[in-house]
Amino acid sequence: MLNDTLHFAAKLTPRRVLNVLKVLASFYFARITRRPIQWGLPFTVSIEPTTACNLRCPECPSGLRAFTRPTGNLRTDFFRRLVDELAPDLLYLIFYFQGEPYINPNFLEMVAHARSRKIYTITSTNGHFLDDDNARRTVASGLDRLIISVDGATQEVYEQYRIGGQLDKVLEGAANVVRWKKQLRSATPHVIFQFLVVRPNEHQIPDIYRMAREIGVNEVKLKTAQVYDYRQGNPLIPLQQRYARYRPTADGGYELKNKLLNHCWKLWHACVITWDGKVAPCCFDKDVSHPMGNLRENTFREVWRGEAYQNFRQNIFKGRDQIDICTNCTEGCKVWV
């Protein structure tokens, strides 16, 4: 954890710190005035390497093949232009939205470019592409944080959510990365086992910690699961309430634990960019049903300060319960346990 913190701190520059302060100040000022005032630029951006995925997870649009938007891979030339525009103010670059990042053949080349611009880089993977060569290239790319989804301690449990996945292959991939870190004497990436807690696997939480220790993974994070059809209950909702985003109601149904407050921090400090250049307000807009703009037609600054973004921020203050993507949102709710 200390090494990871130090690697992040090394990315700080006076300009980036000033940008964070401007964003914070504008967010609180906007909450007070109920106006969409926004100073600065986002310091967290998620960029989608691809929409394609090798698995069929039941609560994921990629897994369900349920997108209405096109499927494709992020192009390196577009990525470089975008990152070069954002780099002076950007702290976190998350190589993930939908899909499996390693399916994009140029993914690690893009990581290396972001590293050259001294941006803290993160990706989330299902772990099936971390063969010996990709593990070596991942370490060599300078990726700062690698989140590997390991949602079960046995194949029988793992495959109930990660449909089509092979747990042994994931664990082997994690071990490959740990081994190459040692061989290349690299402190990065900080490797995390992410355990998405659902009812079929909640009894295996102690096992995932044991497995992480045996392999040499840096950290385990337990993540609460978003489910789309939760109001009448869902077989994925954990029985242990501390691991659920939803709570039972008196009428036998379920509701979100958090209240939908009429403000949203994500709209001020973060955004999502799809492989083909569309800008979504946040990661809950999986299908980009609320496009803020297109970066193949405009610069990022033009989109970030444009009419669509300002109108969306204003509508947040009027009532998040009136915006479809906000009604199953974790803002104010524990995602990591």
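## Helix 5 against helix 6

Leu108, Val111, Ala112 and Arg115 in helix 5 touch Asn134, Arg137, Thr138, Ala140 and Ser141 in helix 6. Sort that contact by residue class and you get four nonpolar, three polar and two charged residues. Keep in mind that this is a predicted model.

How are these two helices set against each other? A pair of packed helices is described by the angle between the axes and the distance between them. Helix 5 (residues 107-116) packs on helix 6 at an angle of about 15 degrees, and their axes are 9 Å apart. Angles under 35 degrees count as roughly parallel, so helix 5 and helix 6 are roughly parallel to each other. The crossing of helix 5 and helix 6 is left-handed.

## Helix 6 against helix 8

Helix 6 (residues 132-141) also meets helix 8 (residues 167-183): their axes come within 8 Å and cross at roughly 50 degrees. Helix 6 and helix 8 are therefore oblique to each other. As for the hand, the crossing of helix 6 and helix 8 is right-handed.

On the helix 6 side, the contact uses Asp132, Ala135, Arg136 and Val139. Helix 8 answers with Asn176, Val177, Arg179, Trp180 and Lys181. By class, the contact between helix 6 and helix 8 has four nonpolar, one polar and four charged residues.

Most residues other than glycine have a negative phi, and most peptide bonds are trans. Two spots here are worth a look with that in mind.

Lys118 is not a glycine, yet it has a positive phi of about 60 degrees. You'll find Lys118 in the loop between helix 5 and strand 3 (120-125).

Then there is the peptide bond from Thr188 to Pro189, which is cis, with omega near 0 degrees. Pro189 sits in the loop between helix 8 and strand 5 (190-197).

## The cavity

Rolling a probe the size of a water molecule over the atoms shows where empty space is left. How many cavities of 30 Å³ or more does the structure hold? There is one, and the largest cavity contains about 50 Å³ of space.

Its lining is made of Cys264, Lys266, Leu267, Cys282, Phe312, Ile316, Arg320, Ile325, Cys326 and Cys329. Helix 10 (266-269) and helix 12 (307-318) are the elements that give two or more residues to the lining of the largest cavity. By class, that lining has eight nonpolar and two charged residues, with no polar ones.

## The second largest pocket

The second largest pocket has a volume of about 240 Å³. Which residues are closest to its centre? Of the 14 residues that line the second largest pocket, those are Tyr228, Phe284, Asp285, Lys286 and Ile325. Ile325 also turns up in the lining of the largest cavity.

Class by class, the lining of the second largest pocket splits into six nonpolar, four polar and four charged residues.

Technical notes
Residues are numbered from 1 along each chain as its sequence is written. This is a predicted model: local features need pLDDT of at least 70, side-chain atom pairs count only at pLDDT 80 or more; totals for chains, interfaces and linings use all residues. Side-chain values use heavy atoms; hydrogens and water are left out. Axes are lines fitted to C-alpha atoms, for helices over the stretch in contact, and angles run from 0 to 180 degrees between N-to-C directions. Helices (H or I, at least four residues) and strands (E, at least two) are DSSP runs, numbered from the N terminus. Angles under 35 degrees count as roughly parallel, over 145 as roughly antiparallel, 65 to 115 as roughly perpendicular and the rest as oblique. A crossing is left-handed if the near helix is turned anticlockwise from the far one by less than a right angle, and right-handed if clockwise. Contact means heavy atoms within 4.5 Å. Ala, Val, Leu, Ile, Met, Phe, Trp, Tyr, Cys and Pro count as nonpolar, Asp, Glu, Lys and Arg as charged, and the others, Gly among them, as polar. On a 1 Å grid over the protein atoms alone, a cavity is a set of points where a 1.4 Å probe fits but cannot get out, and a pocket is an open set with protein on both sides within 12 Å along at least five of seven lines; lining residues have an atom within 4 Å of a point. Grid points are joined across faces, edges and corners, and a volume is the space filled by probe spheres set on the points.
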